[in-house]
Amino acid sequence: ETEVLSWAREVLIIEKDAIVDLAQNLGADFIHAVDILHKCQGRIVITGIGKAGIIGQKFSATLSSTGSSSFWLHAAEAVHGDLGRIREDDAVVILSYSGETSEVKNLVPFIERIGAKIIAVTGNPRSFLARYAKSVINVKVEREACALGLAPTTSTTAMLAICDAISVVLMKLKGFQKEDFASFHPRG
């Protein structure tokens, strides 16, 4: 039992430390990304693949329920017809820790062609994705909490935390109030 709690505490401490590092390293890129999203005349499209995509689904849901029109777009499905959902006045937030997945590489040039602004949330600010982004939020972590150092754990926690930070900042910038929240949550 003691070993189990020790392992669990280690995971939580690794992830906490990563979020503290992330908070301390926030800067102009974060401000620029928030500015793009705040001024967006269209919708905020969130996309990604794998675990980052799951974080993206939660991010889009949070944005939508807190006053920022958003939808989730699966990166692989996008190039099979769903690109038609994206418009020139949209902002597209792409979550990809490596910034180098084939799905992201396939998708980015088409978003560019549409003319929507790309924001990258990545652990690799020199990646393919980052080169095409108007703003890059770096969520690089020192290490994954996974015992093998392989499964996305700390990196997805960092992505989730930065997405929550973006959502809350946008709420504040929009003056979103309890009454507004209630109008989007009529059943609780």
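**View 1. Thr-66 is buried, with a relative accessible area of 6%.** Buried means under 20% relative accessible area, exposed means over 50%, and partly exposed lies in between, with a 1.4 Å probe and protein chains only. The model is predicted: local features need pLDDT of at least 70, side-chain atom pairs count only at pLDDT 80 or more, and totals for chains, interfaces and linings use all residues. Residues are numbered from 1 along each chain as its sequence is written, and side-chain values use heavy atoms, with hydrogens and water left out. Thr-66 sits in the loop between helix H3 (50–65) and strand E2 (70–74). Helices (H or I, at least four residues) and strands (E, at least two) are DSSP runs, numbered from the N terminus. The side chain of Thr-66 makes a polar contact with the backbone oxygen of Thr-62, at 2.7 Å. A polar contact is a pair of N or O atoms within 3.5 Å; within protein, one must be able to donate a hydrogen and the other to accept it, and residues adjacent in sequence count only if both atoms are side-chain atoms.

**View 2. Strands E1 and E2 pair in the parallel sense.** E1 covers residues 44–48, and five bridges join E1 to E2. Two strands pair if DSSP finds at least two bridges between them. Opposite Thr-47 stands Leu-73 of E2. With H3, the two strands form a right-handed β-α-β unit. Right-handed means that, with the strands pointing away from the viewer, the path from the first strand over the helix to the second runs clockwise.

**View 3. Strand E4 pairs with E3 and with E5.** E4 spans residues 117–122, and five of its six residues are buried. E3 (residues 91–95) runs parallel to E4 over five bridges. Leu-95 has Val-121 of E4 as its bridge partner. From E3 the chain crosses through helix H5 (residues 102–114) to E4, in a right-handed β-α-β crossover. E5 (residues 135–138) is also parallel to E4, over four bridges. There, Val-121 stands opposite Ile-137. In a regular strand, side chains alternate between the two faces of the sheet.

**View 4. Lys-117 of strand E4 is partly exposed.** Its relative accessible area is 42%. Lys-134 is 17 residues away along the chain, yet the C-alpha atoms of Lys-117 and Lys-134 are 6.4 Å apart.

**View 5. Arg-43 lies in the loop between H2 and E1.** Arg-43 is buried, with a relative accessible area of 19%. Asp-90 is 47 residues away in sequence, but the C-alpha to C-alpha distance from Arg-43 to Asp-90 is 4.9 Å.

**View 6. Ile-14 is found in helix H1.** Ile-14 is buried, at a relative accessible area of 9%. Along the chain, Ile-14 and Ala-145 are 131 residues apart. Their C-alpha atoms are separated by 6.1 Å.

**View 7. Thr-154 is part of helix H7.** Thr-154 is buried, with a relative accessible area of 1%. The side chain of Thr-154 reaches the backbone oxygen of Arg-143, at 3.1 Å.

**View 8. The largest pocket holds about 220 Å³ of space.** On a 1 Å grid over the protein atoms alone, a pocket is an open set of points with protein on both sides within 12 Å along at least five of seven lines; lining residues have an atom within 4 Å of a point. Grid points are joined across faces, edges and corners, and a volume is the space filled by probe spheres set on the points. The lining of the largest pocket has 13 residues; Leu-22, Asn-25, Leu-26, Ile-137 and Asn-138 lie nearest its centre. Helix H1 (2–24), helix H2 (28–39) and E5 each supply at least two lining residues. By class, the lining has seven nonpolar, three polar and three charged residues. Ala, Val, Leu, Ile, Met, Phe, Trp, Tyr, Cys and Pro count as nonpolar, Asp, Glu, Lys and Arg as charged, and the others, Gly among them, as polar.

**View 9. The second largest pocket holds about 170 Å³ of space.** It is lined by 16 residues, and Ile-49, Ala-52, Ser-96, Tyr-97 and Ser-98 lie nearest its centre. H3 and helix H7 (154–174) are the elements that give two or more residues to this lining. The lining of the second largest pocket divides into eight nonpolar, six polar and two charged residues.

Key
1 Å grid on protein atoms, 1.4 Å probe; cavity = no way out; pocket = protein on both sides within 12 Å on 5 of 7 lines; lining within 4 Å.
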